Amino acid sequence: MSRAQENPMVLILSILERGKGKSYMEMMRTRDIHFHSQTMGFGTAPSEMMDILGLGSNDKDIILSIAPQQTINALAVNLRESLGSSRYRGLMMELKLSAVNRLAAEMISRTTTQPTQTKGEEEMRNEYNHQLILISVNQGCTDQVMHTARVSGAMGGTIIRSRLADGGMMGHFGIQDVMEEREILMILAPSNIATQIMDAVNKEHGVRSDAKGIVCALPVERAFKV
């Protein structure tokens, strides 16, 4: 069995308070996680609520990281032991990758020291049964979409600004008024209510609504406060 099969790559999605991304990536590098991409997003909590909680800005740093599974397992054990700190005021989610190009995987593996398996590591697998719901809508529609999601049980979400690369396909199905400027709403939800959230959003804000919403979900292996 190859090393890649024994220790597959995983994707880590981290959503942090704005300004925490740099120190967070430095922390990750000390734990042999070196491959990161960063963008910006916006939380869905009202500014009044942020003031009440003393959290300041609702802006977010969003970090995408790729690392070997064993390295993430060792990091997860460390995070589990210090869950109360919430130093970066954010959330880290582990997502499985179905494929990654071979050279990139080899490069990432060679910069990583293989950790010794930690006691309790196996117990943590599948500890969380969550879905990451992704909802792409016309810009300016996320407030209404988030309201619908909250009514169905969602606790909150994060918004990323985006641009539609090719909307021609929707036109073939008679769907008009698809804006080039789009927003992607990310919601972490327990699997037992994820379907009802998606169904409600699709009913109110699907592709034939003004929002022109496209809804999908990814299974989340684990999630931790960071």
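S14 touches Y24, D61, I62, I63, L91 and M92, leaving aside residues up to four places away in sequence. Contact here means heavy atoms within 4.5 Å. S14 lies in strand β1. S14 is buried, with a relative accessible area of 0%. Buried means under 20% relative accessible area, exposed over 50%, and partly exposed in between (1.4 Å probe, protein chains only). The side chain of S14 also makes a polar contact with the side chain of Y24, at 2.6 Å. A polar contact is a pair of N or O atoms within 3.5 Å; within protein, one must be able to donate a hydrogen and the other to accept it, and residues adjacent in sequence count only if both atoms are side-chain atoms. S14 and M92 are 78 residues apart in sequence, yet 4.3 Å apart in space, C-alpha to C-alpha.

This is a predicted model, where local features need pLDDT of at least 70 and side-chain atom pairs count only at pLDDT 80 or more, while totals for chains, interfaces and linings use all residues. Residues are numbered from 1 along each chain as its sequence is written, and side-chain values use heavy atoms, with hydrogens and water left out.

**The whole protein**

The protein has eight helices and nine strands. Helices (H or I, at least four residues) and strands (E, at least two) are DSSP runs, numbered from the N terminus. Of the 226 residues, 42% are buried. Among contacts with a separation of 6 or more, 83% join residues 24 or more positions apart. The protein exposes about 12,600 Å², and carbon and sulfur atoms supply 53% of it. These areas come from the Shrake-Rupley method with a 1.4 Å probe; for residues, only the protein chains shown count as cover.

In soluble globular proteins, nonpolar side chains tend to be buried together. A nonpolar core is a set of buried Ala, Val, Leu, Ile, Met, Phe, Trp, Tyr and Cys residues joined through side-chain atoms within 4.5 Å. The largest one here has 18 residues, of which Y24, M28, L75, M92 and V226 touch the most other members. β1 (9–17), α2 (21–30), β3 (59–68) and α4 (69–81) each give two or more residues to this core. A second, separate core of 17 residues includes A149, I193, A194 and I197.

V226 has contacts with L16, Y24, L79, S86, R87, Y88, R89, G90, L91 and M92, not counting residues up to four places away in sequence.

| Helix | Buried residues |
|---|---|
| α5 (residues 102–110) | A105, I108, S109 |
| α6 (residues 142–151) | T142, V145, M146, T148, A149 |

Seen down the axis of α6, its buried residues fall within an arc of 160°, so they line one face of the helix. The arc is that of the directions from the helix axis to the C-beta atoms. D143, H147 and V151 are exposed on the other side of α6. The cover over the buried residues of α6 includes β5 (130–138), β6 (158–163), β7 (181–190) and α8 (191–205). Just after α6, G153 takes a positive phi of about 120°.

Now α5. Its buried residues, A105, I108 and S109, cover an arc of only 100° around the axis, which puts them on the same side of α5. L103, M107 and R110 are exposed on the other side of α5.

**Cysteines**

How many disulfides does the structure hold? It holds zero. A disulfide is a pair of cysteine sulfur atoms within 2.5 Å. C141 is buried, with a relative accessible area of 12%. C216 counts as partly exposed, at 37% relative accessibility.
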